[in-house]
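Please read the points alongside the sequence and the coordinates.

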Amino acid sequence: MPVTPNKLKRTSMVLVGAAVAASTLGSVALPASAADEGKAHAPAAGFTVKAFSPVGTESAPDDITRMGDSVYVSFQNGVGPLGEASASGATASTVQQFSLDGKPGKSWQVTGKVDGLTADPEHHRLLLTANEDGNSSFSTLSPDQAKALTTYTYSGLTHGGGTDAVSVVNGKILVSASAPVDASGPAAYSVALEGTTAKLTPLFGDSATATAANGPQAGKATKLGLTDPDSNTVVPAAAPRFKNSFMLDAQADQQLIFASRPGSGKQALQVLSVSQPLDDTVFAAHSNQTLLVTDPKDNKVFSITGPFKAGEAVSAVVPDAGPAYLANLDLGTGALTPIKELASVQPKGLMFTGGAGDNSHDGERSE
């Protein structure tokens, strides 16, 4: 299995174990740099920043989704990418429910490292994947049911690794095929839940042919060679390009793959190259949405309101060296422009959300 920089990052985290905890929602002033932490600062110009702050021992918030009037966050608690126990012995992630104003609700312990989390509002359930490098599983979580969690065993997982982010596209469940052993297998799968089995069908391959969306080969067919399928999402109709496509982030490859009509006979792929590795990328479906950001370094979820525009793309940039940061993504050129007012946030999971009834995940997720 190739060892990519982001895989080293994943396996190097040493965090405290899992627990159910309360949280508060409060305004926060963001430091200009890590050296400034603990000092008082004015709010970021043009933005209002608040935080969901856990007060227990759950740690490492990652994916985030909304369903109805609740937000759900996966805390990975230091569990390893193969499901290995954390340094404190934790073997389960925590999925924590919050109200839209930050009050904690129910929580659930899910075995393994929960990497994918998204809402499936049609069936009033959450969809989860665990363990992105191997020993992977798929689960559904129905928050209002007495037996909330159902876990499925994969069939048809052929790429040699695990599964990561999950999205729902026109009723189809799609997951990333993460940590492949080589570039000859699927990059993403569709999932059919049958009994206790999550049956996987390849969506497209790591070595599929795509049309270059930018760069000197723009408009020409190119053969992919993906080594690190990671997060995914759905591009809203408001986006200036790739509308309604399923987007797969190949993080270490520094490429975004856009599949139009995914899973159909008319599926077509485009690839957008970027200058830095990305984790989540999300898209504002309309103006003035709120951006929710998980920050595992600060162990918080930030709620950010500001001058976000319909169709705007925001990415969590995760450089091989240096801290993660938020940036605007240009869908035409692939250029990344840091959002300097939010420079102290070190993002991982992202989600745009708005008024009641907005069930988007990661701008989707996410995710």
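1. Lys113 counts as buried, at 3% relative accessibility; buried here means under 20% relative accessible area, exposed over 50%, and partly exposed in between, with a 1.4 Å probe and protein chains only. Glu132 is likewise buried, at 1% relative accessibility.

2. This is a predicted model, in which local features need pLDDT of at least 70 and side-chain atom pairs count only at pLDDT 80 or more, while totals for chains, interfaces and linings use all residues. Residues are numbered from 1 along each chain as its sequence is written, and side-chain values use heavy atoms, with hydrogens and water left out.

3. The structure holds 5 salt bridges, each defined as a side-chain nitrogen of Lys or Arg within 4 Å of a carboxyl oxygen of Asp or Glu.

4. One of them joins the side chains of Lys113 and Glu132, at 3.3 Å from N to O. Lys113 sits in the loop between strand E6 (104–111) and strand E7 (114–120), and Glu132 in the loop between strand E8 (125–130) and strand E9 (137–141); the pair, 19 residues apart, links distant parts of the chain. Strands (E, at least two residues) are DSSP runs numbered from the N terminus.

5. Lys348 forms a salt bridge with Asp62, with the closest N and O atoms 3.0 Å apart. Lys348 lies in the loop between strand E26 (336–338) and strand E27 (350–353), and Asp62 in strand E3 (residues 61–67), so the pair ties together parts 286 residues apart in sequence. Both Lys348 and Asp62 are buried. A network of salt bridges links Asp62, Asp279 and Lys348.

6. Asp69 and Arg66 also meet through their side chains in a salt bridge, at 3.8 Å from N to O. Arg66 is buried, with a relative accessible area of 0%.

Methods: Helix = DSSP H or I, 4+ residues; strand = E, 2+ residues; numbered from the N terminus.
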